Amino acid sequence: SLIAIYFYYVGTFSSLAIEFIKHLLPSLKLFVSVLFGTMILSYIILRIRISVLSLKKSNQHYVSFAFSVIIKIISITVLSVSLVGAYDKYITDRNYYKILKADIPTRDIIILDQSTQEDLDINKKIFDIMQEHELGFRDMTPYGFLKWFYDDNSNVDPNDYNPNIPFIMVNQNSIKDYNFENEHGESIDIDKYKHINWILIPHRYREEVEENGIKCFDECEIVYYKNKVILSAFGTDIMTDKYESKMLYVMNVYHDSVEFAAGLTSHLIDGEMTESTAQAVDKIKAAIYPQRLSSKLGKDVYESSKDAYTESLTSLTVQLLITTFMISVFVYTYLMIYFDFKGKTLIIKYLNGVSFEKRYGFIFGMMTISNILTILVIMILSHYSQTTNFYIPVNLSSASIMGYTIFSLVVEGIVLSVGIYHFEKEKTTTLLKGDQI
């Protein structure tokens with residue numbers, strides 16, 4: 001199936017394709033190792049189960065049962081790591097696509113990316129070029145605001161900068177296509193602020209800002225808006241972009257607390273840069289030489305995010321179905337092994353009115369223990385991947401791990417309950433007829 005998928009999606013053996021295969025080899029080796037390991041352990045269990053002698057010995061049944069649980073833990077752990085990583089990726093891709101889908105004006109712009117400039121003279125030149133040619137910008141690195149994040153010796157107090165309020169950097173040209181409304185539902189005239197530095201703050205943060213204050217470029221005018229306005233941060237590395245109205249630092253007068261990193265924007269005419277934008281690009285290229293200026297279209301960024309979201313959703317769905325199926329198979333297997341040597345005792349207890357908890361406490365206890373071991377392994381992998389050079393090719397967040405824990409317990413609980421229901425219904429009738437169980 002892997003070979004068929006490769007030829008369907010790639011179809012060639014170019015140097016790039018070979019390099020792609022090299023990146024896949026570690027994961028394929030792990031997959032094949034787990035596959036063969038599972039097959040070997042399954043063979044051992046089957047050999048034990050079909051042995052006439054082993055069926056007469058209770059301890060052999062426990063060995064067979066233990067083997068099936070161990071196989072389940074190993075196999076499901078491998079699947080769950082991939083599933084948790086796929087879920088995290090899906091959440092990230094969905095969030096970014098949702099933001100770009102709502103941020104319609106970005107689809108008709110060109111985005112110019114450049115490296116961070118530590119030379120303040122170059123920063124000033126770039127800012128003047130942008131203002132002269134009416135370029136917008138956003139997703140810039142507010143080095144002065146976040147210096148405390150990068151510099152342990154900084155005397156800057158992070159509490160001065162409202163770190164809990166999501167924000168991006170913009171100028172007047174970057175927000176002119178958006179409508180901001182005050183608490184009375186009236187449009188805010190943003191043009192009257194175009195010659196000063198100011199801040200647009202979502203109304204829900206008003207109480208916090210008035211209580212704690214706000215940091216800006218020296219002094220800024222504060223304007224609150226109440227309607228929901230979504231501006232994408234173009235993949236900022238300052239914080240995870242969120243689908244919500246952000247605080248917007250609008251810098252119309254140059255201030256050296258900001259480094260220009262990315263997100264210079266301009267409108268397209270019939271899919272092409274205007275003459276003024278082309279001139280500005282040439283000037284910026286000259287200012288940042290020998291570094292290079294790259295560009296991409298807003299609509300391409302949107303389509304790319306849409307494709308990434310679709311792919312991650314498909315991947316998550318497939319992995320979810322596979323994991324559900326494998327959990328069901330493994331749980332059903334060790335449940336049937338348990339019924340093989342405890343079935344008659346369980347039915348007698350059932351007919352004598354012994355409670356469900358006392359009859360099946362052991363099997364549900366094994367379910368809980370096996371899941372605890374699986375989650376423990378995942379958490380250890382997540383910890384080591386974050387604190388050491390140990391590498392796993394997925395991100396494992398605590399929230400996703402907890403979500404998987406609930407998912408696996410629910411699936412296993414349902415499979416066990418259904419299996420027990422059918423077992424008791426069928427075997428009770430058999431025993432009452434006088435037949436052997």
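Which residue is the bridge partner of leucine 200 in S6? The structure is a predicted model, in which local features require pLDDT of at least 70 and side-chain atom pairs count only at pLDDT 80 or more, whereas totals for chains, interfaces and linings use all residues. Residues are numbered from 1 along each chain as its sequence is written, and side-chain values use heavy atoms, with hydrogens and water left out.

In strand S6, leucine 248 is the bridge partner of leucine 200; helices (H or I, at least four residues) and strands (E, at least two) are DSSP runs numbered from the N terminus. Strand S4 (residues 198-202) pairs with strand S6 (residues 247-250) in the antiparallel sense over 3 bridges, and with strand S5 (residues 221-225) in the parallel sense over 5 bridges, two strands being paired if DSSP finds at least two bridges between them. Within the pairing to S5, isoleucine 201 stands opposite tyrosine 224. Strand S4 is largely enclosed by the rest of the structure, because 5 of its 5 residues are buried (under 20% relative accessible area, with exposed meaning over 50% and partly exposed in between, for a 1.4 Å probe and protein chains only). In a regular strand the side chains alternate between the two faces of the sheet. In S4 both faces are covered, with Trp198, Leu200 and Pro202 buried on one side and Ile199 and Ile201 buried on the other.

Isoleucine 122, in helix H5 (residues 120-132), is likewise buried, at a relative accessible area of 17%. Glutamate 134, found in the loop between H5 and strand S2 (136-137), has a phi near 55°, a positive value in a residue other than glycine, and counts as exposed at 54% relative accessibility.

Two surface patches were also identified. The nonpolar patch is formed by Met402, Ile406, Val410, Ile414 and Val418, which together have about 460 Å² of accessible area (Shrake-Rupley method, 1.4 Å probe), and methionine 402 belongs to helix H12 (residues 398-432).

Technical notes:
Patch = residues over 30% accessible without salt bridge, like charges linked within 9 Å, V, L, I, M, F, W, Y side chains within 5 Å. Salt bridge = Lys/Arg side-chain N within 4 Å of Asp/Glu carboxyl O. Lys, Arg positive; Asp, Glu negative; His and termini not counted. Charge placed at Lys NZ, Arg CZ, Asp CG, Glu CD.
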